[in-house]
Amino acid sequence: MATHHALCPQMPPSSTAEKDVSFIRIVNVVASVNLECSLDLMKICLSVRNSEYNPKRFSAVVMKIIEPRTTALVFASGKLVITGAKSEKESNLAARKFARIIQKIGFNVAFRDFKIHNIVEIGRAHV
């Protein structure tokens, strides 16, 4: 026999309740990775398209890629923060693409300590 909590009353079955659909959609994944090398941010900014660096305003290069549509903050310490991915898999792929872009410029990068820090979801629940 099922018991019901007083704050969560059970809805009677109806044809309209069965048509309502609940959903959850990931809208942003924030992750980080350590490239384990020091980076020359000015060299990165001058060598990479879709990047900007204003050291008076912020101490990281802001890089963007189109697929997956993500943004990375690239710090001189070799740490990257990746935002904008729609899944954990996309976030990992984006981090690897950013690391590869930096590697192609001439930095000896490694891909260590990839970590998801935050997942933002939106949803609608019909009760």
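Which residue in S5 does Ser32 stand opposite? In this predicted model, local features require pLDDT of at least 70 and side-chain atom pairs pLDDT 80 or more, whereas totals for chains, interfaces and linings use all residues. Residues are numbered from 1 along each chain as its sequence is written, and side-chain values use heavy atoms, with hydrogens and water left out.

Ser32 stands opposite Val81 in S5. Strand S1 (residues 23-34) and S5 pair in the antiparallel sense over five bridges; pairing requires that DSSP find at least two bridges between two strands. S5 also pairs with S4 in the antiparallel sense, over four bridges, and Leu80 in S5 is the bridge partner of Val74. These two strands, S4 and S5, form a hairpin with three residues between them, and Gly78 in the turn has a positive phi of about 95 degrees.

The protein chain contains three helices and six strands, taken as DSSP runs (H or I, at least four residues, for helices; E, at least two, for strands) numbered from the N terminus.

Leu35 is in contact (heavy atoms within 4.5 Å) with residues including Gly78, Leu80 and Ile102, not counting residues up to four places away in sequence. Of the 127 residues of the protein chain, 29% count as buried, meaning under 20% relative accessible area with a 1.4 Å probe, protein chains only.

Conventions. Buried < 20%, exposed > 50% of the residue type's maximum accessible area, 1.4 Å probe, protein only.
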